[in-house]
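Trainee: I am new to this structure and would like to learn how to read its features. Could we go through some together?

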Amino acid sequence: MPILAKSNGISLREHVEDVLKVLNNFSIEPDLKEFLRKAVFYHDLGKVSYEFQKKVGGNVPEDGIPEVPHSFLSIAFVPENTLEEMGEDLSKVFLSAILYHHWRETYLDYLFGSKQGNVREAFKRLLEVGNNLIRMIKEEMKDFLEYDVELNRSLCEYLSQNSILDSGLILPPHLISLLPSIVLKELNLKDDVYRCYILTLGTLMRADRFASCAEGVGKKDLLERADIEFKEDTFEVIESDLKRRYEKVWQSDVVKEIRGKNVVLVAPTGAGKTEFALMWSKGKTVFTLPLQSATNMMYERVKKYFGEENVGLLHSDAAIHLFLTSLYRKDFEDREGEILEIAEQSRFFSYPFVVATGDQVFPATLKYPGYEMIYSVMANSFLVIDEIQAYSPEAAAIIVKTVEDVNTLGGKFLIMTATLPGFIKDEIIKRTDLDEGVKDVYDSIPQGRLRRNVLKFKDSSDPTEEAVKLYEEGWKVLVVRNTVKKAIETYQKLVEKIGKERVLLVHSRMTLEDRKEVERILENYRPGMNGESIVLVSTQVVEASMDIDFDILLTDVAPADSLVQRMGRIFRKREWTENNPNTFIYIGKSKKEFDSLIKGVYSKDIVENTLKALSEVILGLGEEKIDVLFKNLPKQQPFSLNESQKRTWVEKTYEKLELEKGYMERFRKTLDVLDSGYSSEKKHEAHRIFRRISSMSIVPENLKEDLVEELKGASNYFEFKQITSRYLVDVPLYDMDGSLLEPLKVEAQDEKVLRWTSSLYVLKGSKYEKGIGIFLKEK
């Protein structure tokens, strides 16, 4: 009977062959590939043990080896002379990659804690039964023995008496809280040994997990598509398309000088930064954005250039987006398998282009166990970071550190933004090999000279009447409120006045299904499209790369960079030729109203600096006090704000901020912690830190019974996600009374369904209205 690697009947030999097929598909250096082939051969040999085979249904003799992770046993089958030929440094990398390739949180117990005795006993027992296991392995791998297999007796003898870490044979796991002095001394990205370790372990993890995924779904043909190569030159593909649409293609001239080099691009909104990025890249491209909605739109955009077979989508609800999009196209029944494949292959960065939310990439900088897989991809990729200013100060600091690490590993990065705060730019320049510095194209491209915004401040906090008036004049109106509550209130007022058919609402506290429906309608309001007059009421979700084009903007006051991004959602590629304003900023008619517009959303310091910088730099009114500005700004006549002035406005806002605490302090402190060598012990903890999660997905009480009934029919996880996409809503913790939460009780025969639903909670007193969002019980 064969030695099994998986409980589904996959043998050890078959699994090793599958992982090697995946590895052969990877585009990596030949020397590293040969090194990894050897690691793949040995990585799972420890599965020969009785305790492991008993779990997966294998049939081998009882060997008396206590239960320990199979990878711990695997290192015992690497011959001593094989390690000697590698030399001390490479042998450490080799054994560490094998040992850690299936990291589990329980490993800490075996390395540091109560189960160290199990490990010593296992190696002691291997000295007695190891030769029998070697015979079984050789029988399993016959005709496939590219490398020697024998019991490394000296290693077993040493580890039967000493801990693995004390042996000096492996690198310690990257856990600063446990081993600060060792980590700081040995695990440094600038060290060639550590870089080799990251590439080896990360690539082994990626190949092993991809093969296991393909084996699990019974799709062995995927093994040949683990690292798809795009055969054409992306520069030529994009340039030819742009030349068909525009007389002048500014990207062509700029990209030629800096293609594939580290660069920061500062360009106006709507100028074609996406196309620039795709022309800049010279290989596997990972394109990151802050929000799921923007990521979904970017995915659809990139797919039109390169085809669905070359583009992946990576975020927590990617499969559901693909499902809903297919449902709208009415081809879901024919494509269910393909949708699952796209979602799975995207997790392993198999596509030449992967569009991802930042939270799928940047938390790796916190060095959680398994981060090496992300870093091994980044070391050979072209990383595009869009809208860095849209992240929190902590997240922005993490991204700056990511860029530094990617540069050290040998990857390349492009940061694109319309508004780059000076302190972020300075940190990037200081920490990286920024080949071409900051490429500012505001003054050299036609879009930078377009007159797109004429501003008017309003001493009001309610844009409803103005929105109705402008809609009735035939304009497409975008209303941006700072809070969900105000957005819903404005939407309801507008529905009463102009009808539900002509008003849209989008915000974060809607079900995924409702948000997707709005995104589908908004496809008719992209640049170059001629959508009918309509009013879209939104929150900040429109700011980050949402590819829409409206005529008029009515917005609550906000920080300068947020306002500039909101302005970029109107007249994207057109010039505003009217003298009357098309951009209205609402600051309230009293200081109390002003505070209420930003309370709990933005730092008061940043918003006040925004108004001071505008007054001083753009309007030439001098450095007025905020109470004077508050009274005088609404009295100003409408004024134009060109793209260069917008950039200056943002820069001056943050220059003033650098002298104050709050935002800047959070950014600096986070960088200091990362520079000290911080690492997260758990992946979910790293994600929590990056996202600063302050919300949870809940079930509104009025939808509870319907959800429970539907879940009875869920037969797999994909169906479970489809169903819950219609019911779950994200609600900030500060808006929620925790005492009103209760677990969702589901009756189901299938234990998997019970496990999936165990994390779902109902918020008592909450009510959801389709297309509007959730209403909460007052605290």
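Predicted model: local features only at pLDDT ≥ 70, side-chain atom pairs only at ≥ 80, totals over all residues.

Trainee: How many aromatic pairs does the structure hold?

Mentor: There are 25 aromatic pairs in the structure. To read a pair, look at the distance between ring centres and the angle between ring planes; planes under 30 degrees apart count as stacked, over 60 as edge-to-face and the rest as tilted. For Tyr42 and Tyr147, the ring centres are 6.5 Å apart and the planes are at 40 degrees, so this pair is tilted.

Trainee: Which parts of the chain does the pair of Tyr42 and Tyr147 link?

Mentor: Distant ones: Tyr42 is in helix H2 (residues 30-43), while Tyr147 is in the loop between helix H8 (116-140) and helix H9 (153-159), 105 residues apart. Tyr42 and Tyr147 are each buried.

Trainee: What kind of aromatic pair do Trp103 and Tyr107 form?

Mentor: Trp103 and Tyr107 form a tilted pair, with 5.3 Å centre to centre and 55 degrees between the planes. Both of these residues are buried.

Trainee: Which rings have the charged end of an arginine over them?

Mentor: Here you look for a charged end placed over the face of a ring. Phe571 has the charged end of Arg574 over its ring, 3.8 Å from the centre. Tyr442 has the charged end of Arg647 over its ring, at 4.8 Å from the centre.

Trainee: Now for helices. At what angle do the axes of helix H19 and helix H20 cross?

Mentor: The axes of H19 (residues 393-409) and H20 (residues 422-431) cross at roughly 25 degrees and come within 9 Å. Angles under 35 degrees count as roughly parallel, so H19 is roughly parallel to H20. The crossing of H19 past H20 is right-handed.

Trainee: Which residues make the contact between H19 and H20?

Mentor: On the H19 side they are Ala396, Val400, Lys401, Val403 and Glu404, and on the H20 side Ile424, Glu427, Ile428 and Arg431.

Trainee: Let's finish with a single residue. Is Thr555 buried or exposed?

Mentor: Buried means under 20% relative accessible area. Thr555 has a relative accessible area of 1%, so Thr555 is buried. You will find Thr555 in strand E12 (residues 552-556).

Trainee: What is Thr555 in contact with, leaving aside its neighbours within four places in sequence?

Mentor: With those neighbours set aside, Thr555 is in contact with Val480, Leu563, Arg566, Phe584, Ile585 and Tyr586.

Note on methods:
Residues numbered from 1 in each chain as written. Heavy atoms only, no water. Phe/Tyr/Trp six-rings, centres within 6.5 Å; stacked < 30°, edge-to-face > 60°. Helix = DSSP H or I, 4+ residues; strand = E, 2+ residues; numbered from the N terminus. Buried < 20%, exposed > 50% of the residue type's maximum accessible area, 1.4 Å probe, protein only. Lys NZ or Arg CZ within 6 Å of the ring centre and 35° of its normal. Axes fitted to C-alpha atoms, helices over the stretch in contact; angles between N-to-C directions. Parallel < 35°, antiparallel > 145°, perpendicular 65-115°, else oblique. Left-handed = near helix turned anticlockwise from the far one by under 90°. Contact = heavy atoms within 4.5 Å.
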